[in-house]
Amino acid sequence: MITSELELITKALLKGQANRVKSLTTLAIENGIDPRVIFERALLPGMQVIGGQFRDNIIFISDVLIASRAMHAGLHVLKPLLSNPQQTSVGKVVIGTVAGDLHDIGKNLIVMMFRGAGLEVIDLGIDVQPEDFAEAIIEQKPDLLAMSAMLTTTMGMISETIRELERRKLRHEVKIIIGGNPTTQVFAQAINADGYADDVFKAVDLALKLINKA
Ligand code: B12
């Protein structure tokens with residue numbers, strides 16, 4: 001029963017039917033399905049299929065954008081249920097997608113889940129220059145800096161940002177975590193980041209662990 005409801009959401013996402021994704025997600029919640037289950041077993045797998053089809057040249061960028069809009073429609077319904085605004089802040093995070101990179105779906109999920117875990121999040125958005133990350137660290141004094149890169153051509157901007165922080169003697173002011181499609185644990189270690197995660201839930205655990213250690 002649950003499976004068929006989740007499958008309907010995934011199918012609607014694959015067809016780019018934003019309104020249908022929104023209404024099916026609302027219905028699934030009314031029927032008592034856990035928002036995290038809807039996210040993990042309906043929306044995320046849909047976006048993974050879209051990613052594969054784009055990679056294999058089966059669909060175009062326009063189709064990806066239409067599917068991402070449908071994903072956002074579902075997330076919009078889940079957001080208040082996955083986040084808990086009443087919670088007091090357990091730490092402060094500055095986050096952004098690095099310079100030259102416009103991908104923000106994964107980063108936005110991380111923002112949502114971090115807020116849900118009680119973290120205060122300053123979201124710098126997409127295409128964030130190393131200097132802007134550095135300025136935000138001076139102004140906001142966060143416990144953690146989180147950087148996302150989705151392109152092999154932009155992952156170097158993560159290390160460029162870390163170098164900028166080293167130049168300004170800010171590197172030891174924050175813990176740094178990274179993520180996004182081309183990044184790996186090995187890359188994180190090589191560039192002197194403090195951690196890497198490949199999904200939202202691991203990212204939350206990692207962030208809380210690093211903040212508590214600091
Ligand atoms: C959606 C999408 C787009 C959309 C972005 C819309 C948006 N608002 O984000 C659009 C259409 C704009 C786009 C454009 C391009 N894209 Co694109 N895109 C994708 C796609 C299909 C899905 C990405 C996505 O949202 N996934 C869903 C989310 C939930 O997952 P995620 O982003 O991986 O995030 C998770 C983890 O990585 C992690 N995470 C992410 N960030 C962070 C940060 C931290 C700190 C941590 C801890 C964890 C973490 O947690 C997230 C949640 O679980 C991927 C394919 C794929 N399978 O990844 C290609 C993909 C990333 N794109 C690709 C390419 C090539 C491009 C373009 C260059 C295409 C072109 N020729 O123009 C442009 C580049 C534009 C630019 N300058 O950025 C390639 C990159 C290849 C590479 N290795 O370099 C991919 C891999 C597709 C492919 N296989 O070829 N894209």
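Predicted model: local features only at pLDDT ≥ 70, side-chain atom pairs only at ≥ 80, totals over all residues.
Figure 1. A polar backbone atom of L102 is 2.7 Å from an oxygen atom of the ligand. For G100, a backbone N or O atom is found 3.1 Å from a nitrogen atom of the ligand.

**Figure 2. The residues around the ligand.** The ligand sits in the largest pocket. Two or more residues of the shell around the ligand come from each of these elements: α3 (35-55), α4 (61-82), α5 (105-116), β3 (144-148), β4 (175-179) and α9 (200-213). Which element gives the most to this shell? The answer is α3, with five residues. There are 33 residues around the ligand, and those that come nearest are L102, H103, D104, S148 and T152. By type, the shell residues are 19 nonpolar, nine polar and five charged. Both domain 1 (2-82) and domain 2 (92-213) supply residues to the shell, at least three from each.

**Figure 3. N57, a loop residue with a positive phi.** Most residues other than glycine have a negative phi. N57 is not a glycine, yet its phi is positive, at about 60°. The residue is placed in the loop between α3 and α4. Is N57 buried or exposed? Its relative accessible area is 68%, which is over the 50% cut-off, so N57 is exposed.

**Figure 4. K141, another view of a positive phi.** K141 is not a glycine either, and its phi is positive, at about 45°. This residue belongs to the loop between α6 (130-140) and β3. K141 has a relative accessible area of 65% and is therefore exposed.

Figure 5. Where does T154 lie? T154 is in the loop between β3 and α7 (156-167). Its relative accessibility is 4%, so T154 counts as buried; the cut-off for buried is under 20%. The side chain of T154 makes a polar contact with the side chain of D101, at 2.7 Å.

Figure 6. How many residues separate K175 and P142 in sequence? They are 33 residues apart, while their C-alpha atoms are 8.8 Å apart in space.

**Figure 7. E30 and I50, apart in sequence and in space.** E30 is located in helix α2 (residues 18-30). At 61% relative accessibility, E30 counts as exposed. In sequence, E30 and I50 are 20 residues apart. In space, the distance between E30 and I50 is 27 Å, C-alpha to C-alpha.

Key
Residues numbered from 1 in each chain as written. Heavy atoms only, no water. Near = heavy atom within 4 Å. Polar contact = N/O pair within 3.5 Å; in protein donor to acceptor, adjacent residues only side chain to side chain. 1 Å grid on protein atoms, 1.4 Å probe; cavity = no way out; pocket = protein on both sides within 12 Å on 5 of 7 lines; lining within 4 Å. Sits in = over half its atoms within 2 Å of the grid points. Helix = DSSP H or I, 4+ residues; strand = E, 2+ residues; numbered from the N terminus. Nonpolar A, V, L, I, M, F, W, Y, C, P; charged D, E, K, R; others polar. Domains from an automatic or database assignment. Buried < 20%, exposed > 50% of the residue type's maximum accessible area, 1.4 Å probe, protein only.
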